[in-house]
Amino acid sequence: MHTPHTGGTAGENYIDLVASIMERRTRNDRPLAFVHTYGCQGNVADGERISGLLEAMGFGFTQDVNEADLVLYNTCAVREHAEDRVFGNVGALKHLKRRYPDTIICLCGCMVQQEQVAERIRNSFPYVSLVFGTHVIHRLPELLYSYLVRGKRVFELSQEDATIHEDIPVYRDRGIRAWLPVMYGCNNFCTYCIVPYVRGRERSRQPEMIEQEFRGIIDAGYRDVTLLGQNVNSYKSGLSGDKADFAQLIRRLDAIEGDYWLRFMTSHPKDCSIELLDAMADGRHIARHLHLPFQSGSSEILRQMNRRYTREQYLGLIKAARERMPDISLTSDVIVGFPGETEEQFAQTLSLIEEVGFTSLYTFIYSPRPGTPAAEMPDPISREEKADRMNRLLRLQESIAAKRCAASVGQTFRTLVEEAPDEGHLSCRTAGNVIIDVEGSTDLIGCFAQVEVTSARNWTLSGVIR
């Protein structure tokens with residue numbers, strides 16, 4: 001069950017050749033692939049294109065790694081913990097490869113784009129067959145064919161920044177939420193972040209291609225579509241060439257008829273324009289939800305992070321957003337324990353959180369990434385102190401969320417019924433990205449419904465469908 005992206009198929013000759021080889025090689029009725037993606041929604045979108053190519057090569061899909069003819073991990077490099085999980089799972093595949101020697105094991109994504117990681121895979125995991133980076137997904141059929149014919153491991157980590165390949169098929173699991181990349185790469189070079197080094201410079205898709213794919217997603221019945229980019233509001237292609245470019249794009253998509261919500265992430269405060277906030281306020285389908293990472297409440301720490309805005313500028317954006325959309329839901333990312341962060345600077349982060357009153361936060365203890373400037377900065381704060389700061393931050397956000405949830409009791413929200421986590425219970429998402437649990441039939445999944453909040457427990461909500 002999937003929705004293909006309109007367009008041709010990348011590497012058609014290699015696709016046919018791989019399909020022919022795998023038909024003879026499989027131990028199943030048809031070749032099966034196990035694909036697992038780590039990390040952000042951008043990685044999820046990459047995984048959908050990888051799966052689209054695999055399906056074009058004749059693969060079906062399995063959730064059981066032991067059944068798979070091909071095992072592929074699509075990796076993330078943002079934090080060390082994610083890398084450790086990948087290496088643990090890849091290590092466990094040694095026994096699978098010993099049992100089924102023809103199993104093809106592939107690693108791709110941001111993590112393997114790092115030279116030291118690729119070298120570790122080369123030296124410590126000899127049973128990994130194919131390693132490829134974020135810039136050559138379109139060449140997967142060619143790379144897989146090379147491995148199958150030559151029998152030698154393939155490492156392809158080159159960066160081809162200039163070209164966006166629009167002819168890659170997309171395999172989306174049947175559902176109600178969809179992810180749509182509008183640009184790739186990043187030019188910001190925040191000192192803690194590895195993304196510009198593994199994803200390359202910013203490249204934006206043409207608006208015509210985005211609109212074509214968007215229409216296909218809506219026609220296929222998806223109801224909640226998120227536009228993606230490492231810094232989505234730096235989109236600059238085929239439009240006016242100024243900071244309103246992304247605002248113009250979402251206005252163009254919002255004009256398309258249908259019953260859906262349009263979202264976007266992730267936004268960088270330095271590129272969050274007043275034009276964008278106006279477009280959100282004017283939109284018929286645009287969710288009143290802005291994910292705007294602030295990372296730190298200290299202007300000095302922001303300067304060391306190379307974020308290129310101040311605390312005051314960030315709060316100015318929040319004020320402007322609320323003036324235009326009093327009901328807007330605000331979420332954010334925050335890093336605790338950046339190298340050299342003082343107690344006073346951390347207190348500024350807490351005060352910003354209290355002043356804004358975020359709906360929710362994605363919180364991280366700083367994780368050094370080799371190859372980034374921050375990894376070379378003196379870091380005298382102990383792990384224990386960073387953990388204590390994180391606990392204090394979480395307690396503050398939980399208290400804010402609890403008050404916000406309590407204030408929601410008695411209010412009615414338009415929601416999208418997403419899933420049934422338990423029999424007789426449904427999970428409904430508001431435009432502000434808040435989940436409300438209700439009782440109801442699975443027939444409602446995929447439908448919009450008015451839900452009245454009847455109770456709040458800590459930061460969770462329950463309600464009834466009206």
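Figure 1. A cavity is here a set of points, on a 1 Å grid over the protein atoms alone, where a 1.4 Å probe fits but cannot get out, and lining residues have an atom within 4 Å of a point. By this rule there are 4 cavities of 30 Å³ or more. The lining of the largest cavity is made up of 17 residues, and those nearest its centre are Thr-134, His-135, His-165, Tyr-184 and Arg-203. Sorted by class, this lining has 5 nonpolar, 7 polar and 5 charged residues; Ala, Val, Leu, Ile, Met, Phe, Trp, Tyr, Cys and Pro count as nonpolar, Asp, Glu, Lys and Arg as charged, and the others, Gly among them, as polar. The model being a predicted one, local features need pLDDT of at least 70 and side-chain atom pairs count only at pLDDT 80 or more, whereas totals for chains, interfaces and linings use all residues. Residues are numbered from 1 along each chain as its sequence is written, and side-chain values use heavy atoms, with hydrogens and water left out.

Figure 2. Strands are DSSP runs of E with at least two residues and helices are runs of H or I with at least four, numbered from the N terminus; two strands pair if DSSP finds at least two bridges between them. Between β7 and β10, which run parallel, there are 5 bridges, and Trp-179 has Thr-226 in β10 as its bridge partner.

Figure 3. Of the 10 residues in helix α8 (residues 245-254), 7 are buried, so that the helix is mostly covered; buried means under 20% relative accessible area, exposed over 50%, and partly exposed in between, with a 1.4 Å probe and protein chains only. The buried residues are Asp-245, Phe-246, Ala-247, Leu-249, Ile-250, Leu-253 and Asp-254. Their cover includes α7 (207-219), β10 (224-228), β11 (261-265) and α9 (274-282). Glu-257 lies in the loop between α8 and β11 and counts as exposed because its relative accessibility is 59%. Leaving aside residues up to four places away in sequence, Glu-257 touches Ile-218 and Arg-284, contact meaning heavy atoms within 4.5 Å. Glu-257 and Arg-284 are 27 residues apart in sequence, with 9.7 Å from C-alpha to C-alpha.

Figure 4. Strand β18 (residues 448-457) runs antiparallel to β15 (residues 412-422), to which it is joined by 5 bridges, and Ala-449 in β18 stands opposite Thr-415. Another 6 bridges join β18 to β19 (residues 460-465), again antiparallel, with Val-451 partnered by Ile-465 in β19. The hairpin of β18 and β19 has 2 residues between the strands, and there Asn-458 takes a positive phi near 55 degrees. Thr-430 lies in strand β16 (residues 425-430) and is classed as buried because its relative accessible area is 6%. Beyond residues up to four places away in sequence, Thr-430 touches Trp-261, Arg-263, Phe-413, Arg-414, Thr-415 and Ile-436.

Figure 5. Most residues other than glycine have a negative phi, and most peptide bonds are trans. A cis peptide bond, with omega about 0 degrees, joins Met-265 and Thr-266, and Thr-266 has its place in the loop between β11 and α9. Gln-295, which is not a glycine, has a positive phi of about 70 degrees; this residue is found in the loop between β12 (289-291) and α10 (299-305) and is buried, with a relative accessible area of 7%. Asn-306, also other than glycine, has a positive phi near 60 degrees and sits in the loop between α10 and α11 (311-324), where Asn-306 counts as partly exposed at 29% relative accessibility.

Key. 1 Å grid on protein atoms, 1.4 Å probe; cavity = no way out; pocket = protein on both sides within 12 Å on 5 of 7 lines; lining within 4 Å. Points joined across faces, edges and corners; volume = space filled by probe spheres on them.
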